[in-house]
There are 2 protein chains.
Amino acid sequence: MVSLKDIAQRCGVSTATVSKALNGQPDIGEETRSRILRIADELGYMANASARALKTKRSYNIGVLFVDPMHGGLAHEFFSTVLDSIRSEAERHGYDITFINRGLGQRETSYLQHCRYRGVDGVVIASADFTDPMVTELVQSDLPVATIDHVFNDRIAVLSDNLRGMDALVRFVAAKGHRKIALIHGEPTSVTVGRLTGFHRACEELGIQIPDKWIRQGVFHDPKSCSAITRELLEDPDRPTCIFFPDDYSCIGGLNAIHDAGLRVPEDISAVGYDGIPLSRIVSPVLATWRQDTGALGTLAAARLIEQIEHPRTAILDRVIVEGRLQEGGSVRQIC
Amino acid sequence: MVSLKDIAQRCGVSTATVSKALNGQPDIGEETRSRILRIADELGYMANASARALKTKRSYNIGVLFVDPMHGGLAHEFFSTVLDSIRSEAERHGYDITFINRGLGQRETSYLQHCRYRGVDGVVIASADFTDPMVTELVQSDLPVATIDHVFNDRIAVLSDNLRGMDALVRFVAAKGHRKIALIHGEPTSVTVGRLTGFHRACEELGIQIPDKWIRQGVFHDPKSCSAITRELLEDPDRPTCIFFPDDYSCIGGLNAIHDAGLRVPEDISAVGYDGIPLSRIVSPVLATWRQDTGALGTLAAARLIEQIEHPRTAILDRVIVEGRLQEGGSVRQIC
DNA sequence: CGCCTCCACTTAATCGTTTAAGTATATTAG
DNA sequence: CTAATATACTTAAACGATTAAGTGGAGGCG
């Protein structure tokens, strides 16, 4: 409503002067500047983001690509905390965020087109099918991109240490005496690859043999599929003493299947999650899990992306590893 | 990158013609139009949202105000599903969403200023302190506004029927034989008022007397505070047979406190949640709760808001009530 | 005194789009 | 055959900001 023009009029100067005064340019006299600032404040002036973006090609908007292939989108605690930390870090730097999707209304568009349409200054890819050509297109564009839990060449990547996390969990349950361990993992993504590697390496180093039938593919965040696999594992007379789930949420689904089978956790069988969402501490027993620093994941991705946006020549496009820590919940029991 | 100008050049027409062709204006010849459309497609043209918004004062962007006073923001399943449905309904209509906050970078701003800065076409207020003067300012502005679970005069409001939900829950547990019912409610908001009213009315109609000490104020989505209150309720020798929690999430925290006290749910004490988030079906026992139609809440708010944005003269600014349904979980047992 | 520099501003162009108003050509009416 | 009308365009201004280039005057220097 109130524009530079209004302020210029009231101050008896040109709009250029007002713009420069407001932006802290050096070639403005001291009393002129303070008068302009005062009037701007009085009138409740607020810049027009569209006009500014049009002229400067900087929208102070960052895109967030967040595709949960199975479910609604941001409905899970892990994602929503990551998202929230992206949001608040962006806000701290004066950026807003825009969800990137395909298709504006009827029109079908690619993710990249959506980004161009809104003129986002960069994109955080927080969860997506990284083999999707549209995602590849985005990553190969000239837009600054930061990915979470996936590495692309010459791009910022923020990763949680899946290998180490899984390693720590295996050692934890092994120390509790478990040797018959089953692993339900998620879809084959780089996250899954890291975790599987960590799992197998730790088992090997500890001299634990895991039969193939105990390595099963489930679905991330899908208690249904994980419950079904759990049931199968339990039906086998030679059953594991401990089951690893793809994540805490599906672990809770697994607990349910275990209870339905008339067994108790951890007395009859132990369970291990992954993520360390708040919920994992609220349920009973508290889950043994690897607590990812979801806040750091989002915050770092946003911070590094903004760094690249604002200092394109000097920003280092490498990977950052975020540490996690073991949550020793009661869902794993000591066996002799 | 590719602008109207480029298309105009390639087609040998003016930018005005291209604009009109692309926007389906009637005064463009058939072959000209199809040629323009073809070239635009070939060049991968995508409009520039900033330029368009600058000229038309329509950003195709809707603001979402989402302030969770206690926690990070969108970290809870109830909120995140509402948000996700707002997002996807907006997307269906060609709108993007922007989170509204105070303060862009260092600069302190009001919610309304943020809205003006981004030029949002309207705002969904999904969760906020409705007594906050900044929220009031927003609601009293000329921006289209839709609120969720709160009513303002002459504004679109989408509400879940808290009174009926609570009524149904009370009748459900009463039918199971419970008469000693405790209620932990959330902060005093209009949601809480509705639920309390429903609770007291149902109790009165059923002839159930509830002592004051069993009506306690907790905090929404805060398992900690609810656990503490639960402990207090359990310590009293004259303890309730059933506890109502402000929501499913805090109910799960309450279950934990109950277990810690050496009691089982539902054998020793029954528990009731509210919301019906997916999690409530995953835990064991499944929670008895009122399943709110969170999808409808968000979808309707977005749809009605967009209706008002696009047809300001004919849109009806009233309240919509969203139905929910009883989820008869195993967390309430039949007592004699 | 004449020239240069510096300061504090203004002018004017520009970003990409939309749209009211204008224009040239073809068509129809009288 | 002229005049009115319709069609299919073009012209040009505008949205609100930014910014390179220009300007006028004060002050400094030799």
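Predicted model: local features only at pLDDT ≥ 70, side-chain atom pairs only at ≥ 80, totals over all residues.
Trainee: What should I keep in mind about the numbering and the model?

Mentor: Residues count from 1 along each chain as its sequence is written, and chains are lettered from A in the order in which they are written. Local features need pLDDT of at least 70, side-chain atom pairs count only at pLDDT 80 or more, totals for chains, interfaces and linings use all residues, and side-chain values use heavy atoms, with hydrogens and water left out.

Trainee: Why is the pair R118(B) and D96(A) called a salt bridge?

Mentor: The term asks for a side-chain nitrogen of Lys or Arg within 4 Å of a carboxyl oxygen of Asp or Glu. Here the N to O distance is 2.6 Å, so the pair qualifies. Between chain B and chain A the count is 2 salt bridges.

Trainee: What makes T17(B) a polar contact of DNA strand D?

Mentor: A polar contact is a pair of N or O atoms within 3.5 Å; within protein, one must be able to donate a hydrogen and the other to accept it, and residues adjacent in sequence count only if both atoms are side-chain atoms. For Y45(A) the distance is 2.7 Å, and for N23(A) 3.2 Å.

Trainee: How many residue pairs are in polar contact across the interface of chain B and chain A?

Mentor: The rule finds 16, with both residues at pLDDT 80 or more.
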